[in-house]
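Here is a short briefing on the structure shown below.

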Amino acid sequence: MEKNGQNPDKLDKPASGYDKMKEMDKHNQLLDELESGGVLRQGTSRRDFLKVLGFSFASAAVLASCKRPVQQALPYVIQPPEVTPGKSLYYATSFFDGHEYGSILVKTRDGRPIKIEGNDLSLFNREGTTARVQASVLSLYDDARLKHPAIDNNQASWSEIDEKVISELGKINAEGGEIVLLTSSIISPSTVKLIGEFGAGFKNFKWVKYDAVSYSSLLEANSLCFGRPVIPDYNFQKADIVVSINADFLGAWLSPVHFIPAYVSRRKLNNGEKNMLRHIHFESGMSLTGANADIRKRLKPSEERILLLDLYNKIAQKKGGEVFPATVYKEDLSDLADKLIASEGRSILVSGTNNLGIQLIVNGINYLLGNYEKCIDLNNNLNIASGIDSQTESFVNDLNSGKVKALLMYNVNPAFDYPDSQRILSGIKNTRLTVNMAVTLNETVGKAKYECPVNHYLESWDDAEPVQGQLSLSQPCINPLFNTRCFRIHY
Amino acid sequence: MCNFLDIKRVKYLLAALFLTIVIIPVRADLIQDADSVFSVGRTLKAEDLIRGERLFFGLVYLENKSVNCAACHNVRESDTLNWNPNALEISRKYQSKSASDLNTVLLKPAGKKLAEVHKEFMLSPEDVIMIKGYMDRLVDSGLKQNKPVITNLILFIIASFLFLFSMTDLIISKIVKRSWINYIILLSTGLFITYTLFVEGIALGRSPGYSPLQPVKFSHAVHAGQNKTDCFYCHSSAKTSKSAGIPPENVCMNCHIVVRNGTRSGVSEISKVISAYENLKPIEWIKVHNLPDHVFFSHAQHVSAGKVTCQECHGKVEEMDVISQVNDLSMGWCIDCHRTKEINFQNKFYTEYKDLENRFQKGEIDTVTISMVGGIECMKCHY
């Protein structure tokens, strides 16, 4: 302990005991003086004092001179009669982003959409929505949205772009060059018709449908088996047993929001029902669908085909169909086969793997079990996806060989989600005219010469046919926020 | 050499020439007649601007009468209502107009109210130019601001200093010999500081008596009091929505498409509404009754279900020229009413509370207040 800068240990040690005592007395005297209240010559007390002083000063200043900010209230100049400030208006519209469909109710306040819920009057999805649909209200206000048209990444006007693109297209058409329209799946009958009319005006026009998440094997399998490249509608409410192999139909496969009400109606025994829909699930990863299953088994992706072929054989044996030579699955599937046969005609087998061979086997099993009459509906098919992988592949080849002269892209992002995106980018260089129509900034934006942003679905009039025979309309819930145009006007 | 043109005469001649060359262009306007005096654009000298300011403030006698613009048109920011537009407003309005327009409005005013007040101004065109010069300057400088009153703050600071000095003196330095002096100082300043902190702290965010001047001098006393316009004619969403709403301009235009002259304000205020409507610009009203963000309040619940009259919370609005917030809108004030106000069982909204109604009819309980039907549940307002 230091006092007055003196270290007691360093005090000169007196020679005699008496001197030592005197030193100790002096020592004690100093201590007494300090304890009785002499000013401590330590810097910290002054600092503390200043700190407290400053704080109280500042808080007093803040308390006394802080003025409450002025709040303003701006009314409408001419208020639309249906708008009441403070109350929300609900608009019924449809959501389709090339991947999922939903009939929705959009809650708006002061002309701005703030929340989306499913439309419970809808036959397709009742009150259900998926995460994408919920998030889409935010993508309307996304700052990364394209706000104005551009040529070579410089802001341009619509009239300029129209002039140039139309003249360029005319030139290419005159030479007979190939004009390709690359879009995601389109389920709007009016748009399909419009594209047809658009294409009819050109000598060499091709419409390539490209899905980032492809159900192409389903389409091709059905085309090979039944002659119709469609995705069937799965009626879970009519089934007694569902066997799903890597198909997350309650989570993200096809249209979960459409399957869930049907599935739930057969799982919840509310009305005195006695039997439930039985759900058996094989999967390689973890999914919500697997978690809901009655029996869930792990499966290596390599074993999927073996499993299916073995199951097919077992069923075929009992039902008298053709048995194929195949390795036997590690587990005994005869029990499962028996269950399926016991509820034949009222069962569904699905696989979520995008492999033609596997889908063909799935079709075969379903056919043997006679599921196609009731449970799997090929006539009222789902219009969710229509992209065929082989077509996309040949398109990319054409692109790179220089056959494609004009490329118009709408709602696709091949620079990101095509497996070999470098080929797309290099192929684009071979074209003479590229036009990209997109909503938000993504990897493909900036690669085309003409950037023509389109309206968000919440700003557009549209229609949709999610299931063959069920039509739906889409209305805008807000005026277009930016300098964008409806996709159809581009025609 | 030349007897006539000696040095002196030459000097005089040169001086005369110089003066004629320099001065005539400068004072050329004086030579012309009054009407065309405004068409000559000239920059004002410093003394002209000063004279303009003095004219504006009525410090110049023109034939025994002074014209005092500042008497009616505020030059200083004010918190009381003055029916005349303030100096900044008129300066802004006439900034883009010429001095001859100003001359017209001062000497030959068109409107009824203006003609009443702009009477017999003995202003020459020169004076008008100088006043215009001052007004143009006013647009840049704005109204004079009042200094804020900070007596409370200074008292608080002095009290804190005293407290601290006294504390340090008591504990450390012991300059004051008698410790009871320190104790008294500590006690009194301590009480003052605590009182101020509590009172000011609780008052933070509350603004009773807040009555800001609005961009357009809309008087509820005229509209709701004299003309007896129903509250819900303008604030129609009070019955159906959580916000009572400020009327959109098309509601104002329902009457003011015809009514263009105010008794006290003339055309100045109503013309603001008309021009805002024609230019499709909303009027930027200042919201007087503000609740903090963590509170939910629904007008529809109180007006339609509770049948509370507007005056119970907002005071006698029909007597106010400028709306002021009469209640502090604190939670305590809300809860007070919820605890004492009785509910009327004739009101359809309360038909659910049959048990309470029966007990009330039988006489088992003598009042049924809002708090008994859930009016003081936290989640009703803070969710």
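**Overall picture**

Chain A holds 14 helices and 19 strands. The model is predicted. Of the 491 residues of chain A, 36% count as buried. Among chain A contacts between residues at least 6 apart in sequence, 65% join residues at least 24 apart.

**The seven-stranded sheet of chain A**

- An open sheet of 7 strands runs in the order β6-β5-β17-β16-β15-β7-β8 (chain A). Its pairing is mixed.
- The edge strands are β6 (154-155) and β8 (205-209) of chain A. Each of them pairs on one side only.
- β7(A) and β8(A) are paired in the parallel sense, over 5 bridges. Within this pair, A:L182 has A:V208 of β8(A) as its bridge partner.
- Helix α4 (residues 158-175) of chain A packs on the sheet. Helix α4 of chain A touches β5 (150-151), β7, β15 (404-410), β16 (433-437) and β17 (450-451) of chain A. The direction of this helix makes about 135° with that of β16(A).

**A:S185, a loop residue**

- A:S185 lies in the loop between β7 (178-183) and α5 (189-200) of chain A.
- Is A:S185 buried or exposed? A:S185 counts as buried, because it has 20 C-beta neighbours inside 10 Å. The cut-off for buried is 20 or more.
- Leaving aside neighbours within four places in sequence, A:S185 is in contact with A:G98, A:K209, A:D211, A:I384, A:A385, A:S386 and A:G387.
- A:S386 is 201 residues from A:S185 along the chain. Their C-alpha atoms are separated by 5.5 Å.

**Helices α12 and α14 of chain A**

- Helix α12 (residues 389-401) of chain A packs with helix α14 (residues 421-428) of chain A at an angle of about 40°. Their axes are 7 Å apart.
- α12(A) and α14(A) are therefore oblique to each other. Angles under 35 degrees would count as roughly parallel.
- The crossing of α12(A) past α14(A) is left-handed.
- α12(A) makes the contact through A:V396, A:L399 and A:N400. α14(A) makes it through A:R423, A:I424, A:S426 and A:G427.
- By class, the contact of α12(A) with α14(A) has 3 nonpolar, 3 polar and 1 charged residues.

**The β18-β19 hairpin of chain A**

- Strand β18 (residues 462-467) and strand β19 (residues 470-474) of chain A pair in the antiparallel sense over 4 bridges. A:D462 has A:S474 of β19(A) as its bridge partner.
- β18(A) and β19(A) form a hairpin with 2 residues between them. In the turn, A:G469 has a positive phi of about 100°.

**Where chain B meets chain A**

- 34 residues of chain B are in contact with 27 residues of chain A.
- On the chain B side, the elements that give two or more residues are α8 (151-173), α12 (249-256) and β1 (285-286) of chain B.
- Which element gives the most to the side of chain B that touches chain A? That is α8(B), with 8 residues.
- The residues on this side of chain B divide into 15 nonpolar, 12 polar and 7 charged.
- Strand pairing also links the two chains: strand β1 (residues 72-73) of chain A and β1(B) pair in the antiparallel sense over 2 bridges. Here the bridge partner of A:A73 is B:W285 of β1(B).

Note on methods. Residues are numbered from 1 along each chain as its sequence is written. Chains are lettered from A and ligands numbered from 1 in the order in which they are written. This is a predicted model: local features need pLDDT of at least 70, side-chain atom pairs count only at pLDDT 80 or more; totals for chains, interfaces and linings use all residues. Axes are lines fitted to C-alpha atoms, for helices over the stretch in contact, and angles run from 0 to 180 degrees between N-to-C directions. Angles under 35 degrees count as roughly parallel, over 145 as roughly antiparallel, 65 to 115 as roughly perpendicular and the rest as oblique. A crossing is left-handed if the near helix is turned anticlockwise from the far one by less than a right angle, and right-handed if clockwise. Two residues are in contact if their C-beta atoms, placed from the backbone, lie within 7 Å. Ala, Val, Leu, Ile, Met, Phe, Trp, Tyr, Cys and Pro count as nonpolar, Asp, Glu, Lys and Arg as charged, and the others, Gly among them, as polar. A residue is buried if 20 or more other C-beta atoms lie within 10 Å of its own, exposed if 12 or fewer, and partly exposed in between; C-beta atoms are placed from the backbone. Two strands pair if DSSP finds at least two bridges between them.
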